[in-house]
Amino acid sequence: MASAAEQLAANINFGAIAKAEELKKRIWFTLGALLIYRLGTYIPLPGINPEALRQSFQSASGGVLGLFNMFSGGAVERMAIFALNIMPYISASIIVQLLTSVLPSLEALKKEGEAGRKILNQYTRYLTVLLAVFQSWGIAVGLQSSGSIVSAPGPFFLISAVITLTGGTMFLMWLGEQITSRGIGNGTSLIIFAGIVANLPQAIAGTLELGRQGAISTPIILGVLVMAVLIIYFVVFMERAQRRLLINYPKRQVGNRMYEGQTSFLPLKLNTSGVIPPIFASSLLLLPATIASFQTSTDGTGFIATLTAYLGHGRPAYMFLYAALIVFFAFFYTAIVFNPQETADNLKKHGGFIPGIRPGERTAEFIDQVLTRITVLGAAYLVIICLIPEFLVSYAALPFYFGGTSLLIVVSVTMDTVAQVHGHLLAHQYEGLVKKAKLRGARRR
């Protein structure tokens, strides 16, 4: 599978991209949109004391704030207008998908095609606004109650902060949709990708500086580099891995013409859930540490303090729960995004069947059985990818950027974007062949 990805990247040559005008416009539009996003991560909220904010963030950066700061490209640390990033939109999308599988009315909209999809997208936008307002209000209240971070506390700051942060999230949601439609790649994924990659050089430089000072040994730094290369290769292999089910279509007669039976494949990805399980698991496990960081008492007593002590990085309880939550969310999200019964009904409707399996209910059971088996492998792959770097993050005091979640997001988004570039190149080459064929036909006439 990795060789297929290498061939895909090798087929993309810059000479062909230079000749594809439409593709060049899409690439330049995507780069311009991401540049606007990066500029917004440096525009702070009005009325914020940067020095007091920096000191306060350092004391709480080990919790969920550090994870969100990584996804936002440092916007949380600077409390910029894009501090919420695209996360409320992602949360809203997941909630709508969950409700779609529970509420019959939303499930009916999903089956209506393009019209239903537009209505569901509108519901997602409304929910994004509600989540962004709720989160931005919590951030504004937290900043105002933190002491010297806010220069002029009061209702005006609360209202302006909520409007600014919510507006930033809505702008990023619109920007992501524009990248998806007018640019190259998935806009939401590219925004998160840009946030992680933007601070990656700073994280590498900081790690090398720690090595120079003797805080991190040279073998550990070399081990991190080797580990990153191996993880990238492993992620490429596993993300391309599929279990393809053979589908046969019988002979059919249209008018007086008899068409031969056809054969196709139903591809089932090994990791159907993507990067959702590690993100959700990390957020849940880092939540106690974040709550404890806002407590005024420092005596280390209480339920939250005890729970935080047991769920610290590198502790056995943390590793066990992290792996268990990844496995749970892998199965849960796979069940949400893939419906074996619906797939079996569509195959039966179009006359397709799996050899040796009766169409209908038996086909759905067979697909569900195969999907469960490969999800076990996909969940194990996610656990391996996320736990190995977690040991280095906890024991060697490396930043979040070297965690399995960040590497998984970077590699997956890169692969998807490269695949889209390759698809546009193939379409451009096909258009060129069609034009040449028409010219040859015109000359013969």
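## Glu239 and its salt bridge

Glu239 counts as buried, at 11% relative accessibility (buried means under 20% relative accessible area, exposed over 50%, partly exposed in between, with a 1.4 Å probe and protein chains only). Its side chain meets that of Lys269 in a salt bridge, 3.6 Å from N to O (a side-chain nitrogen of Lys or Arg within 4 Å of a carboxyl oxygen of Asp or Glu). Lys269 is partly exposed, with a relative accessible area of 35%. The pair links distant parts of the chain, with Glu239 in helix 13 and Lys269 in strand 4 (residues 262-269), 30 residues apart. Helices (H or I, at least four residues) and strands (E, at least two) are DSSP runs, numbered from the N terminus.

A word on the model: this is a predicted one, where local features need pLDDT of at least 70 and side-chain atom pairs count only at pLDDT 80 or more, while totals for chains, interfaces and linings use all residues. Residues are numbered from 1 along each chain as its sequence is written, and side-chain values use heavy atoms, leaving out hydrogens and water.

## Other salt bridges

A search of the whole structure finds four salt bridges. In one of them, Glu177 and Arg125 meet at 3.2 Å, N to O. This pair also links distant parts of the chain: Glu177 belongs to helix 10 (residues 155-182) and Arg125 to helix 9 (residues 114-144), 52 residues apart. Glu177 is partly exposed at 26% relative accessibility, and Arg125 is partly exposed at 22%.

Arg362 forms a salt bridge with Glu365, where the closest N and O atoms are 3.9 Å apart. These two are three residues apart in helix 18, so about one helical turn separates them.

## Aromatic pairs

Now to the rings: the whole structure holds six aromatic pairs (rings of Phe, Tyr and Trp, the last by its six-membered ring, with centres within 6.5 Å; planes under 30 degrees apart count as stacked, over 60 as edge-to-face and the rest as tilted). Tyr37 and Phe82 are stacked, because their ring centres are 6.2 Å apart and their planes lie at 15°. Tyr37 lies in helix 3 (residues 21-40) and Phe82 in the loop between helix 6 (75-78) and helix 7, so the pair ties together parts 45 residues apart in sequence. Tyr37 is buried at 0% relative accessible area, and Phe82 is buried at 5%.

Phe234 and Tyr381 form an edge-to-face pair, 5.6 Å centre to centre with 75° between the planes.
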